[in-house]
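Work through the exercises below with the sequence and the structure open beside you. Each task is followed by a solution that goes step by step.

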Amino acid sequence: MKKCLILESNEEFAVQLSRALGSEYEVVGVTDDGAEGLRIAERENPSVIVMSLLIKNLDGLSLIGELRKRKVRSELIVSGNVSDDAIINRIMSAGARYYFVKPVSAEIVCERIREIVDGNGADYAEPVERKRAGSVEERISNIFISIGIPPHIKGYRYLREGIRMAVEDPHVINNVTKVLYPQIGEKYATSASKVERAIRHAIEVAWNRGRIDAINSIFGARVYLGTEKPTNSEFIALVADKLILDGLS
């Protein structure tokens with residue numbers, strides 16, 4: 001059974017996460033103390049460490065640095081209340097696989113853990129840098145984090161799936177109503193109309209947060225100004241084109 005370590009200052013969330021993981025993975029520790037978490041990580045070498053930025057004695061960023069210095073090769077899922085792009089970039093560059101802006105549900109975190117532990121069949125004895133080659137899903141998640149689309153809303157998953165589909169088959173963007181929305185709806189057991197509304201809401205959230213500079217920075221141009229928002233198909237095509245040009249298809 002794969003091992004997971006939880007380092008979380010919010011006791012209620014730590015309990016929720018521990019319960020959610022307990023039936024599938026061995027939770028080797030739950031603590032709000034970074035120094036204690038480091039000791040557990042060195043001893044147990046868990047596959048995944050789920051950590052909060054705000055923990056006592058050793059904060060999240062410092063802990064990531066210590067883990068890497070001591071050759072602990074666990075995958076890292078980090079959460080926090082920080083939404084500043086510069087800090088998020090530091091966290092991701094330091095070695096985090098995912099970063100979630102709180103609040104985030106235990107179910108979403110567990111879904112990412114399953115992707116890491118079960119989805120790619122990775123050998124956890126390999127260096128972390130080799131496993132971070134950058135799947136399409138990871139790059140999409142990083143873009144969403146940077147522009148302010150929170151992972152706890154339904155549109156996050158639907159939009160990520162739509163972009164993935166467009167990367168695999170760019171022509172699908174010409175058939176969002178008849179092909180893309182219905183296929184996403186089938187995968188997540190919902191209707192095409194709900195998929196469309198949820199994706200539109202996710203894009204609106206990003207624009208309402210006013211991260212236009214971050215959006216333009218990611219795509220290398222002043223793509224949108226002010227409150228001007230792209231349509232669902234325009235946004236999906238924009239991100240898919242970016243990923244394809246980056247060679248991630």
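**Exercise 1. Determine whether Lys 71 is buried or exposed, and describe its place and its backbone.**

Step 1: Lys 71 has a relative accessible area of 62% and is therefore exposed, where exposed means over 50%, buried under 20% and partly exposed in between, computed with a 1.4 Å probe on protein chains only. Step 2: Lys 71 is placed in the loop between H3 and E4; helices (H or I, at least four residues) and strands (E, at least two) are DSSP runs, numbered from the N terminus. Step 3: the phi of Lys 71 is near 65°, a positive value in a residue other than glycine.

The model is a predicted one, in which local features need pLDDT of at least 70 and side-chain atom pairs count only at pLDDT 80 or more, whereas totals for chains, interfaces and linings use all residues. Residues are numbered from 1 along each chain as its sequence is written, and side-chain values use heavy atoms, with hydrogens and water left out.

**Exercise 2. Carry out the analysis of Exercise 1 for Ala 189.**

Step 1: the relative accessible area of Ala 189 is 73%, so this residue counts as exposed. Step 2: Ala 189 lies in the loop between helix H9 (176-187) and helix H10 (192-208). Step 3: although Ala 189 is not a glycine, its phi is positive, at about 55°.

**Exercise 3. Describe the sheet, and follow the pairing and burial of E4.**

Step 1: five strands form an open sheet in the order E2-E1-E3-E4-E5, with parallel pairing; two strands pair if DSSP finds at least two bridges between them. Step 2: the edge strands, each of which pairs on one side only, are strand E2 (26-31) and strand E5 (98-101). Step 3: strand E3 (residues 48-52) runs parallel to strand E4 (residues 75-80) and is joined to it by five bridges, among which Val 50 has Ile 77 as its partner in E4, while Val 48 has Glu 75. Step 4: six of the six residues of E4 are buried, with Glu 75, Ile 77 and Ser 79 pointing one way from the strand and Leu 76, Val 78 and Gly 80 the other way.

**Exercise 4. Explain why the buried residues of H2 can be said to line one face of the helix.**

Step 1: in helix H2 (residues 34-44), the residues Gly 34, Gly 37, Leu 38, Ile 40 and Ala 41 are buried. Step 2: seen down the axis of H2, these buried residues fall within an arc of 165°, and so they line one face; the arc is that of the directions from the helix axis to the C-beta atoms. Step 3: the face turned away from the buried side of H2 carries the exposed residues Arg 39 and Arg 43. Step 4: the buried residues of H2 pack against E1, E2, E3 and helix H3 (60-69), contact meaning heavy atoms within 4.5 Å.

**Exercise 5. Find and classify aromatic pairs in the structure.**

Step 1: a search of the whole structure finds three aromatic pairs, where rings of Phe, Tyr and Trp (its six-membered ring) pair if their centres lie within 6.5 Å, and planes under 30 degrees apart count as stacked, over 60 as edge-to-face and the rest as tilted. Step 2: one of these pairs is formed by Tyr 98 and Phe 100, which are stacked at 6.3 Å centre to centre, with 15° between the planes. Step 3: Tyr 98 counts as buried because its relative accessibility is 3%, and Phe 100 is buried with a relative accessible area of 2%. Step 4: Phe 144 and Tyr 156 form an edge-to-face pair, at 5.2 Å centre to centre and 75° between the planes.
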